[in-house]
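Please have a look at the sequence and the model first, and then we will go through some of the details together.

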Amino acid sequence: MSRIWTICVDTGGTFTDCIARDPGGALHRAKVLSSARLRARLQASFGQTVRLAAPWLAGGVDLRGFSLRRVVPEGDRIGEKNAWCKVLSHEPGEDRVELDEPLGEPHRAGAGGAEAGGADHGTATIELTSDEPAPILAARLVTGTPADRALPPIELRLASTRGTNALLERAGAETALFITRGFRDLLAIGDQQRPDLFALDIRKPQPLPCEIAEVEERLAADGSVLTELDAEALRESAQRLYEKGIRSAAVALLHSYRNDEHEKRTKEILREVGFSNVSSSAALAPLIEILPRAETASVDAYLAPIIASYVDSIASILTRGDQRAEARLHVMTSAGGLVRADKYRAKDSLLSGPAGGVAGAAASARRAGIERVIGFDMGGTSTDVARIDGDFEYRFEQSVAGVRLRAPALAIETVAAGGGSICHYHHERLQVGPRSAGANPGPACYGAGGPLSITDINLLCGRIDPEQFEIPIDREASRAALRAVREQIGAAPELSEEALLDGFLRIANERMADAVAQVSLRRGYDPADYALVSFGGAGGQHACALAGMLEIQTVLMPADASLLSAVGLSAAVIERFSERQILQPLEEVGGELARHFREMAEEAVEAVAEEGVDRAEIEV
């Protein structure tokens with residue numbers, strides 16, 4: 001029997017989903033906040049002992065080594081009363097937890113039965129953390145491993161929206177772009193296409209690099225050298241930027257797709273100066289047109305430190321102690337394939353999580369005997385939709401958060417309408433999103449002072465059973481948030497609570513239906529000819545309304561629908577793409593095409609074989 005656990009984890013903007021198979025073949029499931037926190041209801045406390053209530057406690061988690069504190073709404077922090085306590089002892093499956101010090105007085109008095117000698121905490125909410133990334137927290141839950149113990153041997157498959165979120169929030173690394181002299185304004189000029197055709201006030205996204213350095217060099221269109229690379233001048237400009245604190249660089253030189261020697265030499269010099277990450281356009285996107293190459297290199301350089309730090313932090317925990325040889329980590333790419341962690345590139349991370357969902361939707365549809373489906377993945381932060389017609393549809397150039405890049409990816413449309421999308425009143429109209437309550441503070445019903453969200457709307461409409469939720473839910477907090485929005489509207493008395501709830505639901509559904517239209521109607525496909533595969537934590541609450549709007553007759557709700565992106569990771573395979581650009585008329589290429597295809601196939605096979613896959617098992 002294998003000693004290795006297989007654990008698949010998808011980290012979204014609000015929740016992290018996990019499905020695992022233990023060495024005996026049994027399945028285990030977990031869903032945690034992506035802020036790496038567990039939530040429980042505080043039943044009572046007496047001295048250094050507290051009693052908790054949460055559905056996940058029955059799963060056998062061992063809380064030893066975790067830290068614990070009371071959740072207090074944002075803006076209502078109470079200093080030392082909200083300090084972390086350490087869990088000293090806990091028996092898996094039990095609700096009693098021993099702390100290193102008393103929890104202190106509750107923030108709010110409440111009703112309920114405390115044990116003798118204890119304090120009654122009513123509806124107080126507790127959060128716990130192991131101070132580790134959410135995927136590791138989920139792994140500890142499913143394996144029953146305390147925070148102060150090493151995890152068992154694990155094969156971990158990981159998907160994450162970390163790169164997408166960093167790009168949306170412009171929270172990447174300070175990056176310098178090294179570009180051929182005379183092209184410093186390339187990213188600012190772009191391709192001159194208007195981002196919004198009818199907007200009167202055009203606001204283009206700022207280029208990602210904060211510094212531009214011109215490189216003295218020039219190649220001709222055929223790749224021959226017109227001006228040799230000035231290594232000394234390059235070193236001087238690189239040193240100046242390094243002294244400013246910049247450690248990540250993108251390199252995009254004219255015609256380097258024909259001849260990448262200057263880019264290679266530039267990368268060497270930047271490494272010698274001390275840059276920790278250098279992204280070369282010819283290595284990432286060896287195709288004609290310097291603009292998309294420069295954009296791709298800039299995205300990769302901007303996100304690489306963020307992605308590398310995240311993946312490395314997980315890998316370091318997996319390989320602690322004697323487990324180094326028995327721990328394996330693969331990460332999902334935007335194209336829906338798995339890549340070993342040390343080969344993972346930031347440019348391939350932007351649709352990592354949604355790609356897992358598409359893979360899971362396709363696998364579920366095949367088991368149901370359905371070939372033509374539209375995947376509808378409604379999570380906490382966004383909704384992702386994709387059309388699957390027997391096989392996946394790919395894009396080789398994509399735009400994310402106003403930034404273009406060349407990288408293979410599944411054709412997925414994303415709209416900022418998820419369970420955490422904020423419902424508010426702005427500019428004399430109701431709006432849903434694009435901002436999200438995220439995992440912290442989360443929707444109002446999470447009890448941490450969050451705003452009104454779609455989750456609150458569904459709770460007040462009776463579509464959510466608080467007893468079945470993984471974290472404590474406060475219906476009164478949702479009602480208070482709804483009243484605040486209604487007071488802001490200042491509407492006539494005839495605007496009932498039901499009408500307001502219905503209005504927010506209709507807006508969210510319209511936005512999601514538009515995303516489905518992007519992958520179907522606007523590409524010549526009638527959604528009525530497809531089944532709707534609904535998944536994600538919030539998918540089931542909106543699937544029927546969406547199907548009715550689009551005249552879809554069949555809705556498929558897979559098992560483990562709320563964890564389907566993680567399930568998709570278990571169905572994903574190790575795969576590689578090989579690309580080659582041939583800028584010749586077809587009649588001139590002639591019989592050379594077969595040779596090109598053979599060479600490209602061999603490149604892809606070699607890349608898969610490097611992962612340890614037997615060549616006899618590799619399909620081309």
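Which residues in H11 meet which residues in H12? Before I answer, a word of care: this is a predicted model, in which local features need pLDDT of at least 70 and side-chain atom pairs count only at pLDDT 80 or more, while totals for chains, interfaces and linings use all residues. Residues are numbered from 1 along each chain as its sequence is written, and side-chain values use heavy atoms, with hydrogens and water left out.

Now to the answer: on the H11 side there are Asn509, Glu510, Met512, Ala513 and Val516, and they meet Ala545, Leu546, Met549 and Leu550 in H12, where contact means heavy atoms within 4.5 Å. Sorted by type, the residues of this contact of H11 with H12 divide into seven nonpolar, one polar and one charged; here Ala, Val, Leu, Ile, Met, Phe, Trp, Tyr, Cys and Pro count as nonpolar, Asp, Glu, Lys and Arg as charged, and the others, Gly among them, as polar. When I speak of helices (H or I, at least four residues) and strands (E, at least two), I mean DSSP runs, numbered from the N terminus.

Two packed helices are described by the angle between their axes and the distance between the axes. For helix H11, residues 497–519, and helix H12, residues 543–550, the axes come within 10 Å and cross at roughly 60°, and that makes H11 oblique to H12. The axes are lines fitted to C-alpha atoms, for helices over the stretch in contact, and the angles run from 0 to 180 degrees between N-to-C directions. Angles under 35 degrees count as roughly parallel, over 145 as roughly antiparallel, 65 to 115 as roughly perpendicular and the rest as oblique. H11 passes H12 in a right-handed crossing, a crossing being left-handed if the near helix is turned anticlockwise from the far one by less than a right angle, and right-handed if clockwise.

Let me turn to a second pair, helix H8, residues 352–367, and helix H13, residues 564–571, whose axes come within 6 Å and cross at roughly 75°, so that H8 and H13 are roughly perpendicular to each other. From H8 the contact takes in Gly353, Gly356, Gly357, Ala359, Gly360, Ala361, Ala363 and Ser364, and from H13 it takes in Leu564, Ser565, Gly568, Leu569 and Ala571. These residues of the contact of H8 with H13 divide into six nonpolar, seven polar and no charged.

Next come two strand residues. Isoleucine 374 lies in strand S20, residues 372–378, and at 0% relative accessibility it counts as buried; buried means under 20% relative accessible area, exposed over 50%, and partly exposed in between, with a 1.4 Å probe and protein chains only. Leaving aside neighbours within four places in sequence, isoleucine 374 is in contact with residues including Val516, Tyr530, Leu532 and Val533, and Val516 is one of the H11 residues that meet H12. Serine 534, in strand S29, residues 531–535, is likewise buried, with a relative accessible area of 0%. Among the residues that serine 534 touches, not counting residues up to four places away in sequence, are Phe376, Ala543, Leu556 and Pro558.

What about the cysteines, and how many disulfides does the structure hold? The structure holds zero disulfides, a disulfide being a pair of cysteine sulfur atoms within 2.5 Å. The sulfur of cysteine 18 is 7.9 Å from the closest cysteine sulfur, in cysteine 8, which is too far for a bond, and cysteine 445 is in no disulfide either, as the nearest cysteine sulfur, that of cysteine 423, is 11 Å away.

I will finish with the backbone. A cis peptide bond, with omega about 0°, joins glycine 433 and proline 434, and proline 434 is found in strand S28, residues 429–436. In the loop between strand S27 (421–426) and S28 sits glutamate 428, where phi is near 65°, a positive value in a residue other than glycine. Alanine 36 also has phi near 65°, in the loop between strand S3 (27–33) and strand S4 (38–46). Is each of these two residues buried or exposed? Alanine 36 is buried, with a relative accessible area of 7%, whereas glutamate 428, at 68% relative accessibility, counts as exposed.
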